[in-house]
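Please work through the exercises below with the sequence and the structure at hand. Each task is followed by a solution in steps.

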Amino acid sequence: MKKKLAAILVATMALSLAACGGNNASTAAPAESAAASTAAESTAAESTAAESTAAESTAEAASTIAFGDVMTYEEFDAAEIDTPVTVETYVQAKQSWWEGAATVYTQAEDGAYLIYGMGCTEEEYAKLVPGTKIKVAGYKSEWSGEIEITDAIYEIEEGEAFIAEPTDVTEFLGTDDLAKYMNQYVSFTGMTVEAAGKDDAGNDVAFLYNWDGSGEEGNDLYFNVSKDGKTYTFTVESYLTGADTDVYQAVKALEIGQTVDLTGFLYWYEGANPHITSVKVA
């Protein structure tokens, strides 16, 4: 739940800085020490409040939602942003659970939906195995180009499980038509691994921890691949497929110049930013 974690991380960073300042000021005057202590306590309270607010916000928003008439994907696509929607869909992959809300990739025969901030307990989250049919009600939302359903409620429905086969969208890279497949399970074939950046020694490397290379093991992986002379940036989302997964380790083992076939979910962030779940070296 990285978007909602952002505010919490800011507060936590402030707490860390306040704590460091307190350690360095052991010889400060009593009044200064008291002020530092008060500042640290205040920041800690703000951090706790931020976590509580994030959970309460999700719960309050979900409490205003009710199931409506089930939409086709075409009807969902035509709906205005920030309006209530209800869809029937099938769990394909679970990205994360945090403070009573889940982020889940889902897909039906006619289209796919990223459900962000769907209220459920951790025990309920465990039951949302791939293929599970669910009815979801929430708000159609947009964040940096990504269309998703937010502040949602759901219920599990009876029905045969559905697991989507990947749709090859390689030919649509760099075109407006690619967005038609947003959030679907897709594949990209015959891609060439390109340099993603440089290491500390100035050598080209095939992947970076975080988009700017500022991270470490366990963070998102960013890597570049090209097709027909154009280069694209893909991601291994650590909440979806962490450091203990095959795809995470496969991307770490990539070599510049290799030809690869990729599958994953077509996430969107200021343009296509696929969340890759499988890598096969040709």
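The exercises concern a predicted model and go from the whole chain to single residues.

**Exercise 1. Determine how many helices and strands the protein has, and what share of its residues is buried.**

Solution. 
- Step 1. The protein contains 5 helices and 14 strands.
- Step 2. Of its 282 residues, 42% count as buried.
- Step 3. The exposed surface comes to about 14,300 Å², of which carbon and sulfur atoms supply 51%.
- Step 4. Among contacts between residues at least 6 apart in sequence, 60% join residues at least 24 apart.

**Exercise 2. State the average pLDDT of the protein and find where pLDDT stays under 50.**

Solution. 
- Step 1. The average pLDDT is 85, and 78% of the residues score at least 70.
- Step 2. Over residues 4-55, pLDDT stays under 50.
- Step 3. For residues 4-55 the model has 21 contacts beyond four places in sequence.

**Exercise 3. Describe the largest nonpolar core and identify which elements supply at least two of its residues.**

Solution. 
- Step 1. The largest nonpolar core has 28 residues, and those with the most contacts inside it are Phe-188, Phe-223, Phe-234 and Leu-262.
- Step 2. At least two residues each come from the strands β7 (185-194), β11 (221-227), β12 (230-236), β13 (259-265) and β14 (275-281), and from the helix α5 (246-252).
- Step 3. The largest share, 4 residues, is that of β7.
- Step 4. Beyond its neighbours within four places in sequence, Phe-188 is in contact with several residues, including Val-169, Leu-173, Phe-234, Val-260, Leu-262 and Pro-274.
- Step 5. A second, separate core has 19 residues, among them Val-85, Val-104, Ile-115 and Leu-128.
- Step 6. As a general background, nonpolar side chains in soluble globular proteins tend to be buried together.

**Exercise 4. Decide whether Thr-235 is buried or exposed, and list what it touches.**

Solution. 
- Step 1. Thr-235 lies in strand β12.
- Step 2. The relative accessible area of Thr-235 is 1%; buried means under 20%, so Thr-235 is buried.
- Step 3. Not counting residues up to four places away in sequence, Thr-235 touches Asp-220, Leu-221, Tyr-222, Phe-223, Asn-273, Pro-274, His-275 and Ile-276.
- Step 4. Leu-208 is 27 residues from Thr-235 along the chain, and their C-alpha atoms are separated by 9.7 Å.

**Exercise 5. Classify the ring pair of Phe-207 and Tyr-209, and locate charges that sit over rings.**

Solution. 
- Step 1. The protein has 11 aromatic pairs.
- Step 2. The ring centres of Phe-207 and Tyr-209 are 5.3 Å apart and the planes stand at 90°, so this pair is edge-to-face; the cut-off for that class is over 60 degrees.
- Step 3. Phe-207 and Tyr-209 are both buried.
- Step 4. One aromatic cluster is formed by Tyr-73, Phe-76 and Tyr-113.
- Step 5. The charged end of Lys-94 sits over the ring of Tyr-125, 4.4 Å from its centre, and Lys-135 lies over the face of Phe-67, at 5.2 Å from the ring centre.

How values were computed
Residues are numbered from 1 along each chain as its sequence is written. This is a predicted model: local features need pLDDT of at least 70, side-chain atom pairs count only at pLDDT 80 or more; totals for chains, interfaces and linings use all residues. Side-chain values use heavy atoms; hydrogens and water are left out. A nonpolar core is a set of buried Ala, Val, Leu, Ile, Met, Phe, Trp, Tyr and Cys residues joined through side-chain atoms within 4.5 Å. Buried means under 20% relative accessible area, exposed over 50%, partly exposed in between (1.4 Å probe, protein chains only). Contact means heavy atoms within 4.5 Å. Accessible areas come from the Shrake-Rupley method with a 1.4 Å probe; for residues, only the protein chains shown count as cover. Rings of Phe, Tyr and Trp (its six-membered ring) pair if their centres lie within 6.5 Å; planes under 30 degrees apart count as stacked, over 60 as edge-to-face and the rest as tilted. A charge sits over a ring if NZ of Lys or CZ of Arg is within 6 Å of the ring centre and within 35 degrees of the ring normal. pLDDT is the predictor's confidence in each residue, from 0 to 100.
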